[in-house]
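Work through the exercises below with the sequence and the model open. Each task is followed by a solution in steps.

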Amino acid sequence: MYNVPQSNLLNPAVQINCKWYVAFPLLGSTQLNYSNSTFSFNEIVSTTDGSGSLDIGSFYNNIKKTNLLSSELHLDLISIGYRFNDYYVNFNIAEKINLAATYPGSIMELAWKGNTQFLGETAEFNNLRTHSVYYREYSLGVSKVWDAYNIFGVRAKLLFGKANVYSGKSEMSLYTDPNTFDLHVEGDININTSFPITITQDSNGKINGSETGDLDVASFLMNGKNKGFALDLGWIHRYSDDITLSASVLDLGFIKWKSDVSNIQIVGSFDYTGTGIGSNFRSTDYMTELSDSVADAFDHNVSQDSYYSWLPTQIYLGGMYQYKPKLGIGIVNRNVIYRNKLHSSLTLSANTTLWKKFSASLSWSYLNNTYKNVGLGLAWHSRGLQFHMVSDNVLGIIKPLDTRILNLRFGFSFLFGCPKNKKEEADLSNPYNPMDKGNCYWAKKMDKNYKKFLKRNKKNKQK
């Protein structure tokens, strides 16, 4: 949906057809997203006679080697774009909250099947990690029609972190003796946080709680000590008259956390040899004694050193084929690299402009290991105002308990200097026609460059 200015957020090479666009303050673009790569609520809960119960078999069958659970809220505060000659420049300020956690399937196997499946071997439970962050993003991007075939774009982002929970190395293992069934547990867990909170320890150095003082909301929101930087790169390539290809890499960057930092390390090992003769495993005293023994076996180290957290990098690969004058067929492959693990999705779409004031996109996606994702995108254009609303899974909004993904992006923009007729369109340096060249309005400018290119080649051959 290249006629929506916010499509530039996914590919900084995208340009708009109007001279200016100004997003409506606080309502320019709002993104809400929930994603579970493994299961929906109704996939693991069976209902009988009005009562629900956990379907352990279904839950176990859905577990993967590495599983991701995430949620996002992105809110654009200010967004402005301007196009001149072959260039398009845009500036954006956004609040971003990303909550995400990965967990290994092996730890769920241990919970449901017990440790007998690991007799005589060491079972590892790594990749139990989280990266939850709240930061403000200031970005400045520019794109240029480079030649008859290519448009390139780049966007630089200055980041200011507000709060963070970022786990570093997370390693746990369990060995079960095949003869005695004794257990040997080892662990090395590191967690970094940046938040106005103090971790408290007892006289033995064990963590026994946390304290939060009076939170100054204004100081928290305007905190500028946790600085970061990121880059977005974009490319649009005219393959033929009817086919346009695109690629982008987003969020190549990091944040360095300095304020209200706590580094927590829990490391050690524990041997469990059973309850012993005469012990009552179910008694409260025994369980308290066992939990105290586990706690004493691990060392708790707390420090206040600055640390880095890396943003999850996103990679988009796409193509558009203009099947008919008012119908384009698109494909997009999205890849997210989260904590060194690749999570991919694929979307097919049919895109059309029914009339000058209304365009739509109908999509199907393979997301979170499921095919049940039908999306819809709508954009309404009036004189000087545009509204857009897009979701990858409309059915999820209607039946949220049956979906693994639930998302929505919507917003309002003011558009100025748009072509009102063919003459104004011809006078613009980069004329726009949403029906030409796979819905890519920069195609006419590229056509012009392409004709110049052929003309030069012809002259060179004559010489």
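**The chain as a whole**

Among contacts (heavy atoms within 4.5 Å) with a separation of 6 or more, 66% are between residues 24 or more positions apart. The model is predicted, so local features need pLDDT of at least 70 and side-chain atom pairs count only at pLDDT 80 or more, while totals for chains, interfaces and linings use all residues. Residues are numbered from 1 along each chain as its sequence is written, and side-chain values use heavy atoms, with hydrogens and water left out.

**Exercise 1.** State what share of the chain is buried and how many helices and strands there are.

Step 1. Buried means under 20% relative accessible area, exposed over 50% and partly exposed in between (1.4 Å probe, protein chains only). Of the 463 residues, 43% are buried.

Step 2. Helices (H or I, at least four residues) and strands (E, at least two) are DSSP runs, numbered from the N terminus. The chain has 8 helices and 24 strands.

**Exercise 2.** Locate the largest nonpolar core and the elements behind it.

Step 1. A nonpolar core is a set of buried Ala, Val, Leu, Ile, Met, Phe, Trp, Tyr and Cys residues joined through side-chain atoms within 4.5 Å. The largest has 10 residues, including Val133, Leu159, Ala230, Trp257 and Leu311.

Step 2. Two or more residues of this core come from each of β8 (129-145), β9 (150-176) and β14 (243-257).

Step 3. Beyond four places in sequence, the contacts of Ala230 include Leu159 and Leu311, along with Asp251 and Gly253.

**Exercise 3.** Trace the strand pairing from β14 to β19.

Step 1. Strands pair if DSSP finds at least two bridges between them. β14 runs antiparallel to β18 (residues 313-324), with 8 bridges; Ser248 has Tyr316 of β18 as its bridge partner.

Step 2. β18 is also paired with β19 (residues 327-338), antiparallel over 11 bridges.

Step 3. The link from β18 to β19 is a hairpin of 2 residues.

**Exercise 4.** Is Leu348 buried, partly exposed or exposed?

Step 1. Leu348 lies in strand β20.

Step 2. Leu348 has a relative accessible area of 39%, so it is partly exposed.

Step 3. Leu348 belongs to a nonpolar surface patch that also includes Trp364, Tyr371 and Ile398. Such patches join nonpolar side chains (Val, Leu, Ile, Met, Phe, Trp, Tyr) within 5 Å, from residues with over 30% relative accessible area and no salt bridge (a side-chain nitrogen of Lys or Arg within 4 Å of a carboxyl oxygen of Asp or Glu).

Step 4. α6 gives the largest share of the patch, 3 residues.

Conventions
Patches are made of residues with over 30% relative accessible area and no salt bridge: like charges are joined within 9 Å, nonpolar side chains (Val, Leu, Ile, Met, Phe, Trp, Tyr) within 5 Å. Accessible areas come from the Shrake-Rupley method with a 1.4 Å probe; for residues, only the protein chains shown count as cover.
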